[in-house]
Amino acid sequence: MAVRPKLVRLTTVAAVLFFVVPLTTSGQPAARVPSVGSLSTGLSTGASPLSGDLAALGYVEGKTIILQLRYAEGRVDRLPGLAAELVRLNVDVIVVWGVEPLEAVRKATSRIPIVMVAGSDPVATGLAASLAKPGGTITGVTVGQAELAGKRLELLREALPRLSRVAVLRDPSADPAVVPETESAARALNLRPLMFTVRAPADFDGAFRAAVKARAEAVLVNETSMLSANRAKLAELALRNRLPAVGSWGASSVAGFLMSYGPEQSDLFRRAATYVDKILKGAKPADLPIEQPSKFELVINLKTAQTLGLSIPQPLLQRADRVIE
């Protein structure tokens, strides 16, 4: 008995739909797994700092969330290309770690929500209408490097009571307020700041040679993402040139800086994951207040102090949140 043409056509369509539309065990189309982009100037570590905090919020990587991690490996010039790659992947939200990644993603998209963990003032730079109500596609945590520059100088002065000249590595991509804040704080402490511009790692050696020639006695690094990505090189140069260094993040002390003072990174990672969770659940970045850090840590590297022949005052050691021995 011949099969009627209409029945053949319906059977063919049903077969095509079966293979084109994936079904769950309940017979329904599979839900789309949200994807999150992450862009950093740093080195690839194989795992995102977001992973653990997103897991704590109930996400299972590879099953209920996909992470697209991009690292510039210390090269700021790679950021625009990596940002464009994340945009082409059509991720649902992009987390940016630092000012340079933020700028690269901001230029690459005006559509995808951005969660920033960056050391710039988003209101002063026009990225947000206000901290309470950003009003655009950017939200997250603003890390005030300008306000913390003075605190780092105070700690350096406490560690080195006879300090008079401080080399300051200046990355032009940093918040413009960092330089005047640093100079003002230095004057208040009767210190002479010696500014040395570093745009890329190729400038580091020359900056340290110039600092030594200018008789600098220590070095202040108000870290941008480029400087943080190259903290190991900076620590090496500081030790080689016998210059105690103070930085922004605990990881810099671990790398060999004498000390560091800044926001607690684990707290920033947790907050970034919380923003991602809210956005994936439907919240608009425009309505999510931009936060400021509430937890800070002082980390002192005693191994570096011993290498430099320094004795850290006991009261300062007692205030440290971590001491590396």
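The crossing of helices α7 and α9 is right-handed, in what is a predicted model. Helix α7 covers residues 204-213 and helix α9 covers residues 231-240, and their axes come within 11 Å of each other, crossing at roughly 25°. Angles under 35 degrees count as roughly parallel, and α7 and α9 are therefore described as roughly parallel to each other. On the α7 side, the contact is made by Phe204, Asp205 and Phe208, which meet Lys233, Leu234, Leu237, Ala238 and Arg240 of α9.

Attention now turns to the aromatic rings. A search of the whole structure gives two aromatic pairs. In one of them, the ring centres of tryptophan 97 and phenylalanine 269 are 5.5 Å apart and the planes stand at 80°, so this pair is edge-to-face. Tryptophan 97 belongs to strand β3 (residues 93-97) and phenylalanine 269 to helix α11 (residues 265-280); the pair thus links distant parts of the chain, 172 residues apart. Tryptophan 97 counts as buried, at 12% relative accessibility, whereas phenylalanine 269, at 22%, counts as partly exposed.

The rings of tyrosine 261 and phenylalanine 296 also pair, with centres 6.0 Å apart and planes at 10°, so the arrangement is stacked. Here tyrosine 261 sits in strand β10 (residues 259-263) and phenylalanine 296 in strand β11 (residues 296-301), so the pair ties together parts 35 residues apart in sequence. With a relative accessibility of 16%, tyrosine 261 counts as buried, while phenylalanine 296, at 32%, counts as partly exposed.

Conventions: Residues are numbered from 1 along each chain as its sequence is written. This is a predicted model: local features need pLDDT of at least 70, side-chain atom pairs count only at pLDDT 80 or more; totals for chains, interfaces and linings use all residues. Side-chain values use heavy atoms; hydrogens and water are left out. Axes are lines fitted to C-alpha atoms, for helices over the stretch in contact, and angles run from 0 to 180 degrees between N-to-C directions. Helices (H or I, at least four residues) and strands (E, at least two) are DSSP runs, numbered from the N terminus. Angles under 35 degrees count as roughly parallel, over 145 as roughly antiparallel, 65 to 115 as roughly perpendicular and the rest as oblique. A crossing is left-handed if the near helix is turned anticlockwise from the far one by less than a right angle, and right-handed if clockwise. Contact means heavy atoms within 4.5 Å. Rings of Phe, Tyr and Trp (its six-membered ring) pair if their centres lie within 6.5 Å; planes under 30 degrees apart count as stacked, over 60 as edge-to-face and the rest as tilted. Buried means under 20% relative accessible area, exposed over 50%, partly exposed in between (1.4 Å probe, protein chains only).
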